[in-house]
Amino acid sequence: MPFTKVPEYSAKHPKPADITYEYGTAGFRTIGENLESTVFRVGLLAALRSQSKQGQVIGVMITASHNHERDNGVKLIDPLGEMLQQSWEAYCSKLANAASDADVQSVLEEVARAEKIDTSIKAKVAYARDTRPSGPLLQGALEDGLEALNVEATNYGIISTPQLHYIVRCLNTAGTRAAYGEPTETGYNAKYGSAYLRLVEGKEKPTTLHIDAANGVGAPQVRKLAESINSPYFNIEVHNHDTETLGKLNIDCGADYVKSNQRQPAGVTLIPGGRYCSFDGDADRIVFYYADEAGRFHLLDGDKIATLVATSASVQTAYANGSSTSFIKDSLKLPTVFAKTGVKHLHHEAEKMAIGVYFEANGHGTVLFNPSAVTALTNATPTSPAQADAIERLWALRDLINESVGDAMSDMLLVETILICKQWTLADWDQAYTDLPSRLLKVVVNDRSVFQTTNAEQTLTSPAGLQDVVDSIVAKFPKGRSFVRPSGTEDAVRVYAEAATRHDCDQLAYTVAGAVFDKAGGRGERPAE
Ligand code: G16
């Protein structure tokens, strides 16, 4: 029997009795030291997932991305580098919560039966982790899970999340017409670096780009990318690059900090005219920013990136600033649709479009070329040198984009390319439309699972009556919009608000957050301005 060794291995990684795990927005996320049994079990499920895909390589990434350093997480990556098929998320949660070692074996048998898996197929898994201190322990647990099912496993070390997505896609497309590139760090740098140079060489050179790497894995990786590009067209200075000192990851820096606090990260002094961006802890998000002549901070977030990149269509979440949505619809005259928070939801919507641009306001996103667009490009016969050049540039653009997932480094090169081609400063880019003031708050409650939503997470269906309260508060503020949803990566409820003025927006956000706190079991400090 294929699973007979499982209970013995499982006994080395016992599940804490009092914790219930859930495969959330981006896999499992919680305090790192509580994740050992879960990561072990994800290793087991990765094997089955690979077998269900006839032995294609499945990725396992150990990271908690933008979350606190004490947290960690784990997620599965499907063969084309996309997020795990959603119907398998329930298996993940069920396996993670199996009470005994024997139950772990039974759940695996159940999944194998339900999915009609041929367990004689050799399973293959590629795995990596970020720089978190709990990473080595969790990696050990994962390796036990892989060993228990005799998986052919490859460790890609400490790399960014999007690099692992890229590698998985490369491994599974090697030798086919859809070959994506060399499945190595060097191959990644060569592919994106050379596409970038194909697009920008000959244009005016950009000034230095200052990168806040959140003291995470993006710091060493972006330096290697720069070494590979080795050109005055990519002149960077990396800040917050300390991946050694404990307690620094994502603290007062990184894309999430900059977006949430609407201010520059610690360790970076903004000089008017300077160009700045921030990655998050595993380099799958990016936001840009600058200071104007008066020293005022200006943020260019995922919405601004989407509008810069939008050429065909774009997908947003409820967090998208109302101004960006009107700009895409009314000025660019492009369709825009809304999806639930989580790259996994946006990705599927964008796949339906010929060229789909999707970005979350927090800086997660990418561009997808669907097969019809690729075929059209392949069959295009240029009738002039200008057309031939345009076609070549579209191919280079496709090579520049990490289609498997949102990727801070590839998105950074994409934005740089557009700015260089347009000869735009960050301030020029910012002129396209003015964001409505917005605010994102966190409320800690006794039980966030009572929060349920509909309408792409913009309307609460539970707790009963709370949406009416939110609506009545919103109605008092010109251009007011607010919604409440449970986080899928942190133990908190998120409150988003926007309104015509900064003062109104803050009042709206704190009033809604206060109502959530009072009516739905708030814990700790009541949110206040
Ligand atoms: C993850 C997801 C994102 C999501 C974010 C916050 O980001 O990949 O799609 O927007 O969590 O999700 P939530 O509001 O449900 O906590 P990351 O950068 O942590 O991987």
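Which residues have the most contacts inside the largest nonpolar core? They are Val125 and Leu142, in a core of 115 residues. The model is predicted.

## The largest core

Helix H2 (residues 36-52) gives the most to this core. Its share is eight residues. Domain 1 (6-158) and domain 2 (185-430) both supply residues, so the core lies between them.

Now look at Leu142. Setting aside neighbours within four places in sequence, its contacts are Val39, Phe40, Val42, Gly43, Val60, Ile62 and Tyr127. There is also a second, separate core, with 28 residues. Tyr319, Val445, Val470 and Ala509 are included in that second core.

## Three domains

The protein chain is assigned domain 1 (6-158), domain 2 (185-430) and domain 3 (438-519). The centres of domain 1 and domain 2, taken over C-alpha atoms, are separated by 30 Å. Their contact takes 17 residues from domain 1 and 22 residues from domain 2.

What kinds of residue does domain 1 place on the side that touches domain 2? Five are nonpolar, eight are polar and four are charged.

## Ser65

UniProt, in an unreviewed entry, places the feature "active site" at Ser65. Find Ser65 in the loop between strand E2 (57-62) and strand E3 (71-77).

Is Ser65 buried or exposed? Count the C-beta atoms around it: 30 others lie within 10 Å. The cut-off for a buried residue is 20 or more. Ser65 is therefore buried. Leaving out neighbours within four places in sequence, Ser65 is in contact with Ala26, Thr161, Asp280, Gly281, Asp282 and Asp284.

## Helix H18

Helix H18 covers residues 502-519, which makes 18 residues. How does its expected span compare with the distance between its end C-alpha atoms? At 1.5 Å a residue, the helix should span 26 Å. The end C-alpha atoms are 26 Å apart, so the two values agree.

The buried residues of H18 are Cys505, Leu508, Ala509, Thr511, Val512, Ala513, Ala515, Val516 and Phe517. One of them, Ala509, is also included in the second core. The buried residues of H18 pack against strand E15 (438-443), helix H17 (466-474), strand E18 (481-486) and strand E19 (493-498). Just after H18 comes Gly521, with a positive phi of about 70°.

Methods: Residues numbered from 1 in each chain as written. Predicted model: local features only at pLDDT ≥ 70, side-chain atom pairs only at ≥ 80, totals over all residues. Helix = DSSP H or I, 4+ residues; strand = E, 2+ residues; numbered from the N terminus. Expected span 1.5 Å × (residues − 1). Buried ≥ 20, exposed ≤ 12 C-beta atoms within 10 Å, placed from the backbone. Contact = placed C-beta atoms within 7 Å. Core = buried A, V, L, I, M, F, W, Y, C linked by C-beta atoms within 7 Å. Domains from an automatic or database assignment. UniProt positions renumbered as here; feature names shortened; annotations may be inferred. Nonpolar A, V, L, I, M, F, W, Y, C, P; charged D, E, K, R; others polar.
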